[in-house]
Amino acid sequence: MKRNIIHIDIDAFYASVEEVENENLRGKPVAVGGVSDRSIIATVNYKARRYNLHSAMPIFMAKSLCPDLIIVKSDMKKYRKKSREIFSLIKSYCKNIEKVSIDECYLDISDKKDPVGFAYMLKKKIHEKFGLTVSIGLSYNKFLAKLASDWRKPDGFMIISEADMPDILYNLDIKKIKGIGEKSQAKLRNIGINKVEDLIKLDEEFLVDMFGKMGSEIYLRIRGIDNRPVETKRIRKSMGVERTFLDTNDEELLKSYLDNYSKELAADLEKENRAFKTLTLKMKDSEFKIRTFSKSFLNPIKSYQDIYKHSIEIFEKNYNKKKLRLMGISASNLVDFDIFQLSFKDLY
Ligand code: DCP
Ligand code: MG
């Protein structure tokens, strides 16, 4: 049966939250991030995007491109709370919701008689209650719904029907397809493959050779096929934080990122009442080589202090001084903290 799926993504999320709260910011270029010149931008509003500012850009660079930029210090607690409120509003209209990040979710609305009307209603409700605009994509699978929500940002609404699919997809640049990294893009462009219409001529074997397991996924996606369900109750096997930034080998800066990640991961664990036994540090260098290192614990950990301490330890032991472009930490071997406490009490 044909499904109707929507993907919702809040526009310039952190910056919009700040603009709603402080009217002095409205109409001006705004960035949210760390305030020191050495820190990086989390996001910028659409006014600032006109100056080519974007997420992960260092503050000093942003200031030089846009001297009038207003920088607001990020407040994760506030954005998480807002995110929870928005998702719970959405959930009151549709239970089939899969949250995929702090400001994105999929809904399976196959049971709604008027999917377009429903999408507009949601946009209106979110705007009325929170003053925020969202972009929505409507299609018959998750991949195309996400592509559609990205199409007309901000405050966008776009439908991709089965009839529209070939025109939209085949004209797409290969960089728009998830799983095709910069290195593979360069290789493909070298052999004259720039758009999906070129990529589609390759057989599945070729793609699997090039991309591993992901190759089969790419083969299907570029044909508009994606059978993944909207997973309402996803049982998470791991939780983590990772970011791309401007290449650096400044150890103090890298450690300050680990400090931020540890705070975020601890807050996520707290929210879900989880602790964990394995911590993994991932480092991608400027040549795109990825190295990961893990450490396991007998007793589960969950606090910011513990996560930070162990992340730093793994980092100091394994960092090879090469410039990094991405770093992340993740928690796996998750345990439910209530259960853990219970068994712990039972033992003593
Ligand atoms: N974020 C971050 N660091 C990044 C990317 C994003 O801290 N490198 C944060 C800030 C964003 C939020 O996550 O507000 C949501 O990410 P999006 O990619 O959806 O970006 P925005 O919502 O800011 O903008 P858009 O209108 O493009 O969705
Ligand atoms: Mg967004």
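Ser 135 sits in strand β7, which covers residues 134–139; strands here are DSSP runs of E with at least two residues, helices are runs of H or I with at least four residues, and both are numbered from the N terminus. This is a predicted model, in which local features need pLDDT of at least 70, side-chain atom pairs count only at pLDDT 80 or more, and totals for chains, interfaces and linings use all residues. Residues are numbered from 1 along each chain as its sequence is written, chains are lettered from A and ligands numbered from 1 in the order in which they are written, and side-chain values use heavy atoms, with hydrogens and water left out.

Back to Ser 135: its relative accessibility is 0%, so it counts as buried. Buried means under 20% relative accessible area, exposed means over 50%, and partly exposed lies in between (1.4 Å probe, protein chains only). Leaving aside residues up to four places away in sequence, Ser 135 touches a list of residues that includes His 7, Ile 8, Asp 9, Asp 11, Lys 123 and Lys 153, where contact means heavy atoms within 4.5 Å. With Asp 11, the side chain of Ser 135 makes a polar contact of 2.8 Å. A polar contact is a pair of N or O atoms within 3.5 Å; within protein, one must be able to donate a hydrogen and the other to accept it, and residues adjacent in sequence count only if both atoms are side-chain atoms.

Strand β7 belongs to an open sheet of 5 strands, ordered β5-β6-β1-β7-β8 with mixed pairing; two strands pair if DSSP finds at least two bridges between them. At the edges are β5 (97–101) and β8 (157–159), each of which pairs on one side only. From one strand to the next, the twist averages 15 degrees. Strands β7 and β8 run parallel and are joined by 3 bridges, with Ile 136 partnered by Phe 157 in β8. Two helices lie across strands of this sheet. Helix α6 (residues 142–151) lies across β1, β5, β6, β7 and β8, at about 145 degrees to β7, while α4 lies across β1, β5 and β6 (104–108), at about 155 degrees to β5. For these angles, axes are lines fitted to C-alpha atoms, for helices over the stretch in contact, and the values run from 0 to 180 degrees between N-to-C directions.

There is also an open sheet of 3 strands, again with mixed pairing, in the order β3-β2-β4. Here the edge strands are β3 (41–44) and β4 (70–73), each pairing on one side only, and the twist averages 30 degrees from one strand to the next. Strand β2 (residues 30–33) pairs with β4 in the parallel sense over 4 bridges; Val 30 has Ile 70 in β4 as its bridge partner.

Helix α1 (residues 13–21) lies across β2, β3 and β4, at about 115 degrees to β2. This helix is mostly covered, with 7 of its 9 residues buried, among them Phe 13, Tyr 14 and Ala 15. The cover over these buried residues includes β1 (5–10), β2, β3, β4 and α4 (76–93).

Phe 13 turns up again around ligand 1. The ligand is surrounded by 14 residues, the closest being Ala 12, Phe 13, Thr 43, Tyr 46 and Arg 49; a residue is near a molecule or strand if one of its heavy atoms lies within 4 Å of it. A side-chain N or O atom of Tyr 46 is 2.6 Å from one oxygen atom, a backbone N or O atom of Ile 10 lies 3.0 Å from an oxygen atom, and for the side chain of Lys 153 the distance is 3.1 Å.

As for cysteines, the structure holds 0 disulfides, a disulfide being a pair of cysteine sulfur atoms within 2.5 Å. Cys 94 is in no disulfide, and the nearest cysteine sulfur, that of Cys 105, is 8.6 Å away. Cys 94 has a relative accessible area of 3% and is therefore buried. Cys 66 is buried too, at 0% relative accessibility.

Finally, Lys 195 lies in the loop between α8 (182–190) and α9 (196–199). Its relative accessibility is 31%, so Lys 195 counts as partly exposed. Lys 195 and Ile 174 are 21 residues apart in sequence, yet their C-alpha atoms are 5.1 Å apart in space. Not counting residues up to four places away in sequence, Lys 195 touches Tyr 170, Asn 171, Leu 172, Asp 173 and Ile 174.
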